[in-house]
Amino acid sequence: MTIYISTNIYAKTSFLNIFKLFKMVDNEFQIGIEIFPILKEGKIIEEITESIDELKKYAISFHGPYYNIEHSAPKGSLEYKKAINDCIEVFKLGKILRGKYFVFHHNNKVVNADVKEEMIYNSRLNLLELNEISKEYNISIYVENAGVNSIGNNLFTEKEFIEECLKIENYILIDIGHINANGWDLENIIKTLQNKIKAYHVHNNNGFDDNHDRILNGTLDFNNFKKLYKKYTPEADIVIEYGEVVSEDFNGVVQDIEFIKKNFDL
């Protein structure tokens, strides 16, 4: 398994801070980068492009484009075309950097009950199309449990998400912070999907909001997650996916990397 650091933590500051962080980490331990791309935002994409040679030194994965992206938009719509085109731009970066995988959200917008089934239908079509396109760029697509009840963008219930994951060809990335915020059963999900789970987004929250705080700062029992991880999915990658709330706490992030290294027997 590999520990990745998501650049989501620096989405509103500077992508280049990831290299500042890595200078503080034990050089003998190789960690990877999960690039959180903000396309059409000149500074971020420019910094990524300028850092290609440095990025090639690390294991790389990609979060799919997020801002102003909606995979549940109907085929042929402007929203649909933007989602597909922006994903292709990330696939191109993935080919250059030999990206291991690409994270897919079925949706990002708020879900209204009267259009839920239509949104699911559209996002399934979108995923199938992206699966075919991604083969051209030699990158796998991992599907994430993306919604949070407090935001209103949860497309699936726990039961529905599990059923969806078992039907699709894709591997799964489990976001444990989202599970905590939604009150889902972490062990049930990990145990049921253990053969499909290839990675985790790890962060913590207050059990309601999607805080993306440090792994030990919240109501999620991270030590319980550690036990479940070791029991069911000991080879899965771990992605530390913090948010802006942690962006200035370089020492804290390094401490959490060391905690994971030690407690996950790396």
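In the predicted model, Ser6 lies in strand β1, which comprises residues 3-6. With a relative accessibility of 1%, Ser6 falls under the 20% limit and is therefore classed as buried. Its side chain approaches the backbone nitrogen of Asn8 at 3.0 Å. Beyond the neighbours within four places in sequence, the contacts of Ser6 are with Glu34, Phe36, Val239, Ile240 and Glu241.

One of these contact residues, Glu34, is positioned opposite Ser61 of strand β3. Strand β2 (residues 32-35) pairs with β3 in the parallel sense, over 3 bridges. Strand β3 itself spans residues 60-63 and is covered on both faces, with Ile60 and Phe62 buried on one side and Ser61 and His63 buried on the other. A parallel pairing over 2 bridges also joins β3 to strand β4 (residues 101-104), where Val103 is the bridge partner of His63.

Helix α4 contains 20 residues, 78-97. The buried residues of α4 are Tyr80, Ala83, Ile84, Asp86, Cys87, Ile88, Val90, Phe91, Leu93, Gly94 and Leu97. Arg98 follows the helix and has a positive phi, near 55 degrees.

Notes. Residues numbered from 1 in each chain as written. Predicted model: local features only at pLDDT ≥ 70, side-chain atom pairs only at ≥ 80, totals over all residues. Heavy atoms only, no water. Helix = DSSP H or I, 4+ residues; strand = E, 2+ residues; numbered from the N terminus. Buried < 20%, exposed > 50% of the residue type's maximum accessible area, 1.4 Å probe, protein only. Polar contact = N/O pair within 3.5 Å; in protein donor to acceptor, adjacent residues only side chain to side chain. Contact = heavy atoms within 4.5 Å. Expected span 1.5 Å × (residues − 1). Pairing = 2+ DSSP bridges.
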